[in-house]
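Here is a short briefing to read alongside the model. Keep the viewer open and follow along topic by topic.

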Amino acid sequence: MATTVDVPARGAARSPVRARRLGTLALLLVLVAAAALASIAVGTRSIGVGDVWAALVDSSLGTEEAVIVRQLRVPRTVLGLMVGAALGLAGALMQGHTRNPLGDPGLLGVTAGASLAVVLAISALGITTPSGYVWFAFAGALTGTVLVYAIGSAGPGGATPVTLALAGAALSALLYALVRAILVSDQQTLDSFRFWVVGSLAGRDAGIAWQVAPFLAVGVLLALLNAPALNLLGLGEDVARGLGQRIWLARAVGLAAVTLLCGAATAACGPIAFVGLVVPHAVRALTGPDHRWLLPCSALAGAALLLVADVVGRVVARPGELQVGIVLALIGAPFFIALVRRRRTAGL
Amino acid sequence: MSVAAPARPAGPGGAPRPPVRRGRAVRIGPVSALLRWRQLAVPAAGFAALVLVAALSMGRGDFPIGVGEVLRTLAGLGEGPQEFIVLELRAPRVVVGALVGLALGVSGALFQTFARNPLASPDTLGITTGASVGAVAAIVLSGSTSAGALLGGLGIPLAALLGALATGALLFGLTWRAGVDGYRLVLVGIALWSVGTALTDWLLTNAEIYDAASAYVWITGSLNARTWSDALPLTVAVVVLLPLALAASRVLTLLQFGDDTARGLGVRLAGAQTAVVLLAVGLVAFAVSAAGPITFVALVVPQIAVRLAGGARPPLLASGVLGALLVVGADLVTRTLLPQALPVGILTAAIGAPYLLWLLVRGRRRSTV
């Protein structure tokens, strides 16, 4: 596969690319802001923009609308922003490290580990609330990733993209087999699990966002630090090593970031595969393969996408709502296919 | 995904490894081929093991029959009740299992070679997911809506077949732009997979829990209560498509080198790509329709096969034979060793995945397709 490498040429040749990247960044920032506003204003109960504004600026306002905005919609929007950004970022990192277009954060065993832990929590301990799942899901995600990395790097060649991807796929297969073994024989657990596995922002209280925030912050920091190294790794391990890159360190930092970001996101909202899988491809078509731009833009795009999907899910099925994971795939996939067909997507 | 590997990887101590024997050329008249004994020995050994495991499996049950007796019955020398038990009750299940494993293994090898990506398989590209949507809709909606009743009337296997073929057609149609680019195939496949997963999850969350539970068993993949009528469409599909797939083997080898090189070597690219994708979709659609999406066989088995048989890409025949062996073996384990009979789809992953992990840890291959 031809890898397009963006040569950072100085001078005139650089400016159109740079202008386009800045434009993309600005556009994404506007999108995120608009999506956040929509997410606060739109819901089962329609609240005017004026009331929303009043509730936000005046924290002593006690009307029903103000309480809804402050206690339900704002926390939900904040959680959506955090989780969407984390998933977009983790997806871009994962595709960069495995150099595989099928690389989604779940590939590393995060989703499978979290799923197994949640199923065990439901079936063995009888826990059935989203805030009860958080720590189990997080512990499961961590365990899954560490195992994948240990197995993927245990072979004689160390952790190469192919061994990592295959170790992740194989370990996920094994963990899902255990999940299924429990679920096919335990209807009660399936009844709770089927709602978790869809992925949703609904019914998460404000505490969940605070619980996962520190992990996300560290994850974002590590991810952004990892960007230059990822650019070099994209040239191939041998070249990267020749250019003075410590391969194992770059991989360890990147995978730690993926684990923290994706583990925390999955813990908070359940598995949402689409964002991490698709957002980086779409963003790469706009920014090119330079990870210093790709990573932040993927985070913004992920946040905007998740919020928009959540708003749509609230609107289309009033007075109930459609889970965000389902909306994402149903509206996101056609756009993604159109993008893949129209543009030459940048290779990894 | 091709990852650059050094021409001759250094051994553990940095010393160059002894040159690998690449097999010997055999020439018969104008035809010549490279004979690699491992690529013949692995399918042969796999087939022998398959026959043994299948005979063992047909002998196990409430009425145990010895392996020798089973083989004699299969050869047409059986009598009375044993003949009925082996040929009518137990053989269909084993035959369906073997054919499903064969079809999934070959289909996975085709996809992985074509997309040059070890993660490409009918599971990750959405085709089995499409089958799941069809089948789950037939199970869940049959009681509630008129369209659902229509689907339910088709029966689960037909609904699954339609789901898989429709997804395959979408995959092909949406990827096609004066040819089927492997990279675009993968990206479109991702999108279709996520739509299929979302639809399945949505159907499951909206279903009555009893329907959801039976749909979940179907999604896992099961060989319970299969009869000869389940085996028939699959048999026809395999008999027609497998020889075509094996015949495409040479073209696949050339496609490996990249589109430009393949074209330069005289491959008619668009036609070859179309043929490979259609063969892979056809095989997997009939397999899923017969037994449900027995997960991960198509993903894991070709990678196991290429590590055992060697070569530059997952070998078709070895993938098929090992897939059949895995499914039949897993079925035997669920029926005999486990205290509670689990759907075979759980055991295929539980046996196949650790084996691949072990091969990865131990293996010397630095990279592979």
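Is B:Arg116 buried, partly exposed or exposed? B:Arg116 is partly exposed, because 19 other C-beta atoms lie within 10 Å; buried means 20 or more other C-beta atoms within 10 Å of a residue's own, exposed means 12 or fewer, partly exposed is in between, and C-beta atoms are placed from the backbone.

A word on reading what follows: this is a predicted model, in which local features need pLDDT of at least 70 and side-chain atom pairs count only at pLDDT 80 or more, while totals for chains, interfaces and linings use all residues. Residues are numbered from 1 along each chain as its sequence is written, and chains are lettered from A and ligands numbered from 1 in the order in which they are written.

**Chain B as a whole**

- Chain B has 15 helices and two strands; helices (H or I, at least four residues) and strands (E, at least two) are DSSP runs, numbered from the N terminus.
- Its radius of gyration is 21 Å, close to the 21 Å that the globule rule gives for 369 residues, so chain B is as compact as a globular protein of that length. The radius is taken over C-alpha atoms, and the rule is 2.2 Å times the number of residues to the power 0.38.
- The C-alpha trace of chain B spans about 60 × 50 × 45 Å along its principal axes.
- Buried residues make up 54% of the 369 in chain B.
- Of the contacts in chain B with a separation of 6 or more, 74% join residues 24 or more positions apart; a contact means that two C-beta atoms, placed from the backbone, lie within 7 Å.

**The hairpin in chain B**

- Strand 1 (residues 24-28) and strand 2 (residues 31-35) of chain B pair in the antiparallel sense over five bridges; pairing requires at least two DSSP bridges between two strands.
- Two residues separate these strands in the hairpin, and B:Gly29 in the turn has a positive phi of about 60°.
- B:Arg27 stands opposite B:Ser32, which is in strand 2 of chain B.
- None of the five residues of strand 1 of chain B is buried, so the strand lies largely in the open.

**Two residues to look up**

- B:Arg116 sits in the loop between helix 3 (80-115) and helix 4 (127-141) of chain B.
- Although B:Arg116 is not a glycine, its phi is positive, at about 50°. Most residues other than glycine have a negative phi.
- B:Ile351 belongs to helix 15 of chain B and counts as partly exposed, with 17 C-beta neighbours inside 10 Å.
- Leaving aside residues up to four places away in sequence, B:Ile351 touches B:Leu326, B:Gly329 and B:Ala330.

**Where the chains meet**

- In the contact between the chains, 54 residues of chain B meet 53 residues of chain A.
- Helix 7 (182-206), helix 8 (209-220), helix 13 (297-309) and helix 15 (344-362) of chain B each give two or more residues to this side of chain B.
- Helix 7 of chain B gives the largest share, 15 residues.
- This side of chain B divides into 37 nonpolar, 12 polar and five charged residues. Here Ala, Val, Leu, Ile, Met, Phe, Trp, Tyr, Cys and Pro count as nonpolar, Asp, Glu, Lys and Arg as charged, and the others, Gly among them, as polar.
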